[in-house]
Amino acid sequence: MNVYLIVEGHGEKKVYAHWVPLVNPSLTVVNSLDEVQHNNLIIYSGGGYPHYIEVIEAGVEDVVTNEQLDRLVIAIDSEEMSYKDKRREIEQVVKALGKNLDYKIIVQHFCLETWALGNKTIVSRNPKDIHLRKYRGYFDVLTKDPEFLPGYPADNLNRSQFAAHYLRKLLNEKYKNLTYTKRNPHALLHNKYFERVKIRLQTTGHITSFNDFLAAFV
Amino acid sequence: MISSYYYHGRQFEDWDFEETELNKVNLIVGASGSGKTRYLNTIFNVSSSIVHGQPFRPGYWRLTVKTEEYEYQWEYDGVKNDGENQIKKEFVKRRHLDSQEAFEDLIDRSPDNFVFCGTKLPKLQHDRPGITLLKEEEKIVPLYETFSKVQIRKFHDEGLKDALSLQDASNELINLSKSKDGILALWKQQPALSAKMFLLKEKFPQYYKLAVDTFERVFPSIKGCDVQMLKNPDISIQTPGMVPVFLIKEEKIDRKIPLHELSSGMQKVLLIITDIITLPKGSIYIIDEYENSLGINAIDFLPEFLVAHGTDIQFLVTTHHPYLINSMPMKTWRVFHRNGSKVSIKGGAEFEEKYGKSKQKAFVQLINDPFYSGDELQ
């Protein structure tokens, strides 16, 4: 199976390039469409919304016109929208093109960092960072489903911004030299990290949107 | 124009830029830090040193210049040893354009030997390029003139400040009246923008009209332009008294707005337009990151404008902007990738076939290409 994947940003591209083969070990990443042969994954980062819609439309066209491509996968953050509304929105974009193709939608509800917060091992039991203690008191990602994380009005952060900030704080607290940015999500590029996120879903039923990811590449 | 270019730094600066063929219009693209600005600076700096005779530039250059009649090849290796400037070697040769005839050797130089057209010359200044020393020689003139017409426009603060300053233009006006060089004389003066518009209006009204018409097309809210003599508001810096000031009239605004009160976007656009239309034939014009702080209306006129003026001028433009990258033909791209001090450069033609298979826009494919992004996923 050859998969054409569209993600929002360069950070997601790196994470997916690492995590997808953990779900389907037969898939290997290639860098351009002319390299696609057998069991390959090609990833385009779409540069964010709304430019992303144009990238999806071009992606549909590519999959329909290139016989060797079997499936289109679209990964997108729901951000302030609900999971259902974002999925419906992308469905409509694809269906409006009137093409017949195999496609899957991954709604990262509500962003990639939400899934990343599902890894319990990154949470220090007794954080020293005063902000982190406040965050744990406000919403403890160790026990509550990160998909229900609210914004943090005290620092003017919407929920996506707060999720990224919370994640960064957790990683800095536990692993002093580890940095995380959207552009360079090094902390997530480990097999164990992926396994821990999967375990969170499987043992607690939290971060249910991660099911989209697990189903999209098999 | 420069049709091929190679540079390798010497001493502390050992940057190495892959030898590259250049077109009339070149869109220099690459991630931040990939060496684009430095590359353009090497072109401008060596040209400036040749024209002014100084400062001495250590470095190794190898380039091909095409003039109206000839193809020149120039190779130059300058070093600084123990504070002493030395030209280790310099070669200049030429042949008629598009011919297969053998090159004629013009300059063959080493520290102890300087031969021009087969004749050994007496000792000349050891740290000046041969092109500079022999710039009056008929066979060297076309090559020298190419280097004398390299202009760089940067949009960092200081460069913009000088271009937008107010200046008395009376001496320039007198000189233009006496000169037989036409628009070239104005270009050599390099006046600030308001003074330039004044001089265009007085002496070259067809150029003034072209500049104003183009400017008004980019910004449709402008309903007229003018240049008036006004009292210089900043007497602490420029000469006191009356100075020419460029003004616009916008719809729904009663008063005329002077240049220094326009948005930086409008200022930059006018600067680019007047730069380009007054460039002498055979010029090389370098624009470094034009799109900084510009809206799309101030960007989207540029591709067509470059193509319209690209017959007689060579352009090297750095950009990160999706619109420019998508609008310019891929063959104009020069894509930079840096690994340490080594910069690889790929011509756009290499990408045409690779990107031709996908319907994704050129910019999307470029930013996803590991050569551009530096991200290796495997």
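A residue is buried if 20 or more other C-beta atoms lie within 10 Å of its own, exposed if 12 or fewer, and partly exposed in between, with C-beta atoms placed from the backbone. This is a predicted model: local features need pLDDT of at least 70, side-chain atom pairs count only at pLDDT 80 or more, and totals for chains, interfaces and linings use all residues. Residues are numbered from 1 along each chain as its sequence is written, while chains are lettered from A and ligands numbered from 1 in the order in which they are written.

Q: Is Cys117(B) buried, exposed or partly exposed?
A: Cys117(B) is not a glycine, yet its phi is positive, near 50°. It sits in the loop between β8 (113-116) and β9 (119-120) of chain B; strands (E, at least two residues) and helices (H or I, at least four) are DSSP runs, numbered from the N terminus. Cys117(B) has 14 C-beta neighbours inside 10 Å, so it counts as partly exposed.

Q: Is Ile207(A) buried or exposed?
A: Ile207(A) lies in the loop between α7 (191-204) and α8 (210-216) of chain A. Its phi is positive, about 45°, although it is not a glycine. Around Ile207(A) there are 23 other C-beta atoms within 10 Å, so this residue is buried.

Q: What is the radius of gyration of chain B?
A: The C-alpha atoms of chain B fill a box of roughly 70 × 60 × 45 Å along the principal axes. The radius is taken over C-alpha atoms, and the globule rule is 2.2 Å times the number of residues to the power 0.38. For 378 residues, a compact globule would come near 21 Å, and chain B agrees with that at 23 Å.

Q: How many strands does chain B have?
A: Of the 378 residues in chain B, 37% are buried. The chain has 15 helices, and its strands number 17.

Q: Which element of chain A gives the largest share of the side that touches chain B?
A: Here, 17 residues of chain A are in contact (C-beta atoms, placed from the backbone, within 7 Å) with 15 residues of chain B. On the chain A side, α1 (10-23), β3 (40-45) and α2 (51-65) give two or more residues. The largest share, five residues, comes from α2(A).

Methods: Contact = placed C-beta atoms within 7 Å.
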